[in-house]
Structures are given as structure tokens and as C-alpha cells.
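Here is a friendly briefing to read beside the model. Please keep the 3D view open and follow along.

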Amino acid sequence: MSLETRHAAKRFRRKTTGYAACLLPFEADGSIARGAFEAAVARTTEAGLGCAVNMDTGYANYLTATERSEILGLTQGVIAGRRDFVAGVFVEGLEGDLVDLYRRQMDEIVSYGGTPILFQTTRFHAWAPAEIVDLYAKVCEGHESVFGFELGRMFAPNGMIYDEETIRGLMTIPALKGIKHSSLDRGKELRRLEIRDEVRPGFMIFTGNDLGIDMTEYGSDYLLGLAAFCPEKFALRDTYWQEGDERYAELTDALQYLGNVGFRAPVPAYKHSCAVFQHLLGRIPTSEPHRLCPRRPDWEAGIMQDCAKRLGYDV
């Protein structure tokens with residue numbers, strides 16, 4: 001795609017649908033900071049964004065089934081039916097029939113009022129496109145709304161970026177309403193949007209590109225870990241875009257600076273960066289990530305403070 005073609009693809013004043021993948025915070029003793037998590041869900045919802053829980057930012061790969069269920073309950077209690085929320089279905093490392101494994105977690109999420117989003121499993125890595133599409137069709141059968149998730153391996157080893165044959169097949173599944181795309185590759189995501197417009201215009205592509213948050217300008221919606229840092233700023237950015245307000249550019253630049261710093265290598269350590277940022281704002285009791293999460297250096301607070309100041313926070 002040429003630069004001229006790419007520029008022409010921008011969709012000015014489009015209303016964007018955004019979800020923040022909520023961070024799971026911790027107390028000094030390593031226990032879940034439940035009150036701070038509930039406050040984050042409330043803050044995100046009140047800003048106008050949807051909450052995505054039990055995602056990578058919520059340490060879905062480290063939580064027990066009991067802990068994930070507790071998070072669903074806390075989320076449901078705060079949102080209280082005011083709007084939808086999304087919750088991850090994580091089956092990696094579990095033994096048994098994949099359809100059953102997925103559907104059991106999906107049914108639980110729906111019982112709490114959430115929309116399931118399906119994490120991939122390393123079992124998919126050796127499968128043909130038709131096998132993956134057939135699996136999704138079976139697990140989605142009977143559900144009203146499900147989201148898919150293609151995750152680059154820089155985030156997690158169980159992830160994979162699907163080929164176009166697989167993507168086209170997934171778009172034919174009625175209950176699958178959209179997919180989160182986390183390749184960090186603008187070209188791949190723009191091609192996803194082209195395929196979407198050709199095959200199923202109502203299908204949602206949620207950008208997971210924390211290094212290219214302006215993908216929303218081209219027709220992507222978003223489900224971002226970066227939005228968990230400051231959901232109210234993302235909501236304001238979306239309003240500026242929809243209204244054609246020139247302040248959009250400056251705010252997007254500041255948010256992208258935060259994304260470039262927070263999502264530097266090793267990428268999974270962005271969750272520690274998020275905890276440091278949130279702690280600087282006084283929103284969580286400690287800057288500690290999950291004990292199994294890769295950590296940032298001791299000077300992280302200094303650079304996160306600079307990011308916060310650029311966004312207008314008094315820290």
C-alpha cells in the first residue's frame with residue numbers, strides 16, 4: 001500500500017469502540033488488590049470504555065481458575081449491567097477436548113454477563129486453516145457474541161498470527177463478532193481491514209497495536225493494554241477524533257510516547273510498566289506486578305513520570 005493510498009484510507013470523525021485490558025494490581029503481600037481493581041473497572045466504565053478482564057494485562061496466563069472466576073465476579077459487581085465487558089478464555093496447558101475446555105469457560109463468562117474472547121493455544125500451531133475455523137465454529141455454536149484473538153509470539157508463546165485463509169474463514173462464523181489483532185504490524189492490520197470490508201463489513205477488528213494506536217484512524221477499533229494505563233485519556237482522544245478536534249494529534253502523540261516506552265522489549269514487562277505508572281498516579285497500592293511477570297529496571301518510575309507529565313498528570 002502506497003503512502004497516498006494509506007492516507008486516503010483514513011476515516012475521519014468515525015466513532016471508535018474502545019476496550020481497556022484492565023491491569024490486575026497487587027498488595028504489598030502479593031495478594032490481589034481487589035479494591036484497586038474494582039476502582040479501575042469503575043474508572044474505565046465511567047470514562048466510556050469497555051473493560052477487558054482476565055486478559056494478558058490481567059495475567060490470565062498466571063491466574064488459577066478460581067482467581068479468574070473471582071475477577072469475573074468483581075467485574076460484574078462494579079459494572080452492574082450498565083454495559084458489556086469482555087473476558088479472556090485461556091486454555092493453554094489444559095488437558096482434554098478443546099471444544100469442551102473453551103465452552104466451559106465461555107459459559108461461565110456469559111453467566112457473569114461478559115463476552116468471551118478466545119486466547120489461542122499452542123495446539124493450533126500445527127493445524128491447517130480449516131481445522132482452526134472448524135474449532136471456532138464449534139465453540140461459538142449457540143453463543144450470541146464471541147470475540148477471537150490473534151496474538152503475536154512477542155507477547156506469549158501460545159500466540160500466532162493467522163494467515164488470510166484462516167481470517168476469511170473466521171469471518172463467516174455468525175457468532176464471532178470480531179477479532180483482536182496483536183501482530184504490531186501495520187501492514188498486516190490494514191490488510192485485515194481490507195478483508196473485513198470485502199467479506200463482512202460489520203466484523204470488528206480490534207487493534208492490539210500498542211506501538212501504533214492510530215490504527216483507529218483507518219477503521220480499527222481497539223482492545224489495548226496501553227489503554228489500562230489511563231483509560232480516561234483514551235476516551236478523550238476518541239472524542240477528539242469523532243469531533244474533528246485538532247487537540248487529537250497532541251494527545252495521540254503523548255499516548256504513543258507512553259506506548260513506545262511501556263511496550264519496549266521485553267514486551268511482556270509492559271505490565272510492570274503499567275503498575276509503576278498507575279502507582280505514580282496513586283491508583284494502586286504498590287507498583288509490583290505478578291511475581292511471575294518480567295520486571296522493569298529500578299529507574300522505571302522516572303521514565304513513567306515523564307510519560308505521565310506529558311499527558312498532563314501532576315506527578
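Throughout this briefing, contact means heavy atoms within 4.5 Å. This is a predicted model, in which local features need pLDDT of at least 70, side-chain atom pairs count only at pLDDT 80 or more, and totals for chains, interfaces and linings use all residues. Residues are numbered from 1 along each chain as its sequence is written, and side-chain values use heavy atoms, with hydrogens and water left out. Helices (H or I, at least four residues) and strands (E, at least two) are DSSP runs, numbered from the N terminus. Buried means under 20% relative accessible area, exposed over 50%, and partly exposed in between, with a 1.4 Å probe and protein chains only.

**The loop between E2 and H3**

- Asp 56 sits in the loop between E2 and H3, and with a relative accessible area of 10% Asp 56 is buried.
- Which residues does Asp 56 contact, leaving aside its neighbours within four places in sequence? They are Asn 61, Phe 119, Phe 155, Tyr 270 and Lys 271.
- Most residues other than glycine have a negative phi, and most peptide bonds are trans.
- Asn 54 is not a glycine, yet its phi is positive, at about 55 degrees. Asn 54 belongs to the loop between E2 and H3 and is buried, at a relative accessible area of 4%.
- Tyr 59 also has a positive phi, about 60 degrees, although it is not a glycine. You will find Tyr 59 in the loop between E2 and H3, where it counts as buried at 0% relative accessibility.

- Helix H2 (residues 34-47) has 14 residues, and from its first C-alpha to its last it reaches 20 Å, close to the 20 Å expected at 1.5 Å a residue. The expected span of a helix is 1.5 Å times one less than its number of residues.
- The buried residues of H2 are Ala 36, Phe 37, Ala 40, Val 41, Ala 42, Thr 44 and Thr 45. Their cover includes strand E1 (18-21), strand E2 (50-53), helix H3 (65-79) and H8.
- After H2 comes Gly 48, which has a positive phi near 105 degrees.
- Helix H7 (residues 186-199) has 14 residues that should span 20 Å at 1.5 Å a residue, and its end C-alpha atoms are 20 Å apart, which agrees.
- Within H7, Glu 189, Leu 190, Arg 192, Leu 193, Ile 195 and Arg 196 are buried. These buried residues pack against helix H1 (3-8), strand E5 (146-151), helix H6 (164-170), strand E6 (176-182) and strand E7 (204-207).

- Leu 101 lies in helix H4 (residues 98-111). Leu 101 is buried, with a relative accessible area of 5%.
- Not counting residues up to four places away in sequence, Leu 101 touches Val 91, Leu 94, Glu 95, Gly 96 and Arg 123.
- Tyr 102 is in helix H4 as well, and is buried at a relative accessible area of 1%.
- With residues up to four places away in sequence not counted, Tyr 102 touches Val 89, Val 91, Leu 118, Phe 119, Gln 120, Thr 121, Phe 124, Leu 135 and Val 139.
- Tyr 102 and Pro 116 are 14 residues apart in sequence, and their C-alpha atoms are 9.5 Å apart.

- Axes are lines fitted to C-alpha atoms, for helices over the stretch in contact, and angles run from 0 to 180 degrees between N-to-C directions.
- Helix H8 (residues 231-243) and helix H9 (residues 247-262) cross at roughly 150 degrees, and their axes come within 9 Å. That makes H8 roughly antiparallel to H9; angles under 35 degrees count as roughly parallel, over 145 as roughly antiparallel, 65 to 115 as roughly perpendicular and the rest as oblique.
- H8 contributes Lys 233, Phe 234, Leu 236, Arg 237, Tyr 240 and Trp 241 to this contact, and H9 contributes Arg 247, Tyr 248, Leu 251, Thr 252 and Leu 255.
- H9 and helix H11 (residues 300-310) pack at about 165 degrees, with their axes 9 Å apart. H9 and H11 are therefore roughly antiparallel to each other.
- The H9 side of this contact is Ala 254, Tyr 257, Leu 258, Val 261 and Gly 262, while H11 brings Ile 303, Met 304, Asp 306, Cys 307 and Arg 310.

**A cis peptide bond**

- The peptide bond from Ala 265 to Pro 266 is cis, with omega near -10 degrees. Pro 266 is in the loop between H9 and helix H10 (270-280).
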